[in-house]
Amino acid sequence: MLCKLPSLPVHAVLTTDPTARLEGDTAGMIWAPSAVWDARQKHFDVFWSSRFYAANDTNHTGPATNDHIRHSVTKDFKTFSPPQDYVALADGGIIDQEFLYLGQPGHYARFLKNETVNKVFQETTTGGLFGEWKRIPGYVSDQNPLEGPASFKDNLVPDLYHLLLDDYTEYEPFQSTDINDGVWTKSNYTDFPKGLKHGSVTPLLQHEYDALARKWPA
């Protein structure tokens, strides 16, 4: 199960418990958190983006580290394991990580934004979230800027995957039938909604869709 949580401000907590802080005072932000349920370990792996300032720079006005992806573990969103680095680039910042489950245990794709070039790249693994990841050469698109990936598998067409990327004004849809090699093309949807931004796609059962359609008819 994958679930995407909303972006939170610095010192954010994923609970109403005021003591459950993910980062300390040196953190510049906690951006784009997401959580993945680990059924074997019976906990959530939580991920987000942060940069860090010097301990004496309480106003965060001086130099900071590059943005990188952080990780913690929780069972109840009240207590968290000490945060650790999960992904960092040697030559720039990285934010907006998105996982996509590929239908077999341990098989995932993930999408990340390189802050230096403002483009999104893809990696794949067959060894789980903490296994070895293979970087797909280049970027999902040469278009610039793009960020905030949201990905999902088509529920009607086999082997068709979708990826939404935010061009700083709204989402643009991309699609792939070659997910493992990361071959993406722009989707040609004349009726794709305008004005959508950072978010996620949630699968619905038919009765859930029907209930929403009754509540908010098109």
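Biologist: Where is Asp159 placed?
Modeller: Asp159 is in the loop between β10 and β11. Strands here are DSSP runs of E, at least two residues long, while helices are runs of H or I of at least four, numbered from the N terminus. This is a predicted model, in which local features need pLDDT of at least 70, side-chain atom pairs count only at pLDDT 80 or more, and totals for chains, interfaces and linings use all residues. Residues are numbered from 1 along each chain as its sequence is written, and side-chain values use heavy atoms, leaving out hydrogens and water.

Biologist: What is the phi of Asp159?
Modeller: Near 65°, a positive value, and Asp159 is not a glycine. Asn118 also has a positive phi, about 55°, without being a glycine. Asn118 sits in the loop between β7 and β8 (119-125).

Biologist: And what is the peptide bond from Asn144 to Pro145, cis or trans?
Modeller: Cis, with omega near 5°. Pro145 belongs to the loop between β9 (134-135) and β10 (147-153). Most residues other than glycine have a negative phi, and most peptide bonds are trans.

Biologist: Why does Asn114 count as buried?
Modeller: Its relative accessibility is 7%. Buried means under 20% relative accessible area, exposed over 50%, and partly exposed in between (1.4 Å probe, protein chains only). Therefore Asn114 is buried. Asn114 lies in strand β7. Leaving out residues up to four places away in sequence, Asn114 touches Leu89, Gly93, Lys119, Phe121 and Tyr139; contact means heavy atoms within 4.5 Å.

Biologist: Which backbone atom lies 2.8 Å from a polar atom of the Asn114 side chain?
Modeller: The backbone nitrogen of Thr116.

Biologist: What makes the His71 link to Asp45 a polar contact?
Modeller: The side chains meet at 2.9 Å. A polar contact is a pair of N or O atoms within 3.5 Å; within protein, one must be able to donate a hydrogen and the other to accept it, and residues adjacent in sequence count only if both atoms are side-chain atoms. His71 is in strand β4 (residues 68-74). At 11% relative accessible area, His71 is buried. Not counting residues up to four places away in sequence, His71 also touches others, including Trp48, Tyr86 and Phe130.

Biologist: How do you know that Val36 is buried?
Modeller: Val36 has 4% relative accessibility, so it counts as buried. Val36 is in strand β2 (residues 31-38). Val36 and Leu129 are 93 residues apart in sequence, yet 9.2 Å apart in space, C-alpha to C-alpha.

Biologist: How many residues make up the largest nonpolar core?
Modeller: It has 13 residues; Leu100, Phe111, Val140, Leu163, Leu165, Ile179 and Trp184 have the most contacts inside it. Such a core is a set of buried Ala, Val, Leu, Ile, Met, Phe, Trp, Tyr and Cys residues joined through side-chain atoms within 4.5 Å. Two elements give two or more residues to this core: β7 (108-114) and β11 (161-166). β11 gives the most, with 3 residues. Another core, of 12 residues, lies apart from it and includes Val87, Ile94, Leu112 and Phe121.

Biologist: Which residues does Leu165 touch, not counting those up to four places away in sequence?
Modeller: Val120, Val140, Leu146, Glu147, Pro149, Glu170, Tyr171, Glu172 and Phe174.
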